[in-house]
Amino acid sequence: MTSKPGPVTTADGHHVIIGGRRWRATDPSVPEAVGARLRVHLMAARRAVAAARRARDPQAECAARRRVQRAKEALGERGRPWWEQSADERRERWSEGLAALDALKDLS
C-alpha cells in the first residue's frame, strides 16, 4: 500500500503550496485525534454549505459557513497565525473550537 505524499510546504512550515497557491498550514501541534475530529467537522460543514446552496437557503448557508470558519480557526488555518501564539493559546484555540463544534453537532 502506498501513501499519497503530502503537499509541499514553505521552508518555515507555515504554509502549504497547493495548485501553485499558498495556504496557511494546519497547526502542527494539534494532536492527531483532535485534528481528525476537526477535519470531520470541517468536511461536514462544507457539505452543509453545498446542500444549502443547492436548496437556495441563505440562512442555512450562512450557518454552515460559520461552522467552516470555526473548524478552520481551530485547526490554525485562519485567524491569528498559530506561530504567533503561545502553546497555551494554541491548545485553548483547538480545545474551544472542538467543544463548540461538538456542541453544534449535538443540537442538530
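Before we click on anything, a word on burial: buried means under 20% relative accessible area, exposed means over 50%, and partly exposed is in between (1.4 Å probe, protein chains only). This is a predicted model, where local features need pLDDT of at least 70, side-chain atom pairs count only at pLDDT 80 or more, and totals for chains, interfaces and linings use all residues. Residues are numbered from 1 along each chain as its sequence is written, and side-chain values use heavy atoms, with hydrogens and water left out.

Start with W82 and W83. They make an edge-to-face aromatic pair, 5.1 Å centre to centre with 85 degrees between the planes. For the rule: rings of Phe, Tyr and Trp (its six-membered ring) pair if their centres lie within 6.5 Å; planes under 30 degrees apart count as stacked, over 60 as edge-to-face and the rest as tilted. By that rule the count is one aromatic pair. W82 is buried at 6% relative accessible area, while W83, at 30%, is partly exposed.

Next, select 15-18, which is strand β2. Strands are DSSP runs of E, at least two residues, and helices are runs of H or I, at least four, numbered from the N terminus. An open antiparallel sheet runs in the order β1-β2-β3, with β1 (8-9) and β3 (21-24) as edge strands, each pairing on one side only. Two strands pair if DSSP finds at least two bridges between them. Zoom in on T9: V16 of β2 stands opposite.

Finally, pick 32-54, helix α1, with 23 residues. Its buried residues include L38, H41 and L42.

Technical notes:
Expected span 1.5 Å × (residues − 1).
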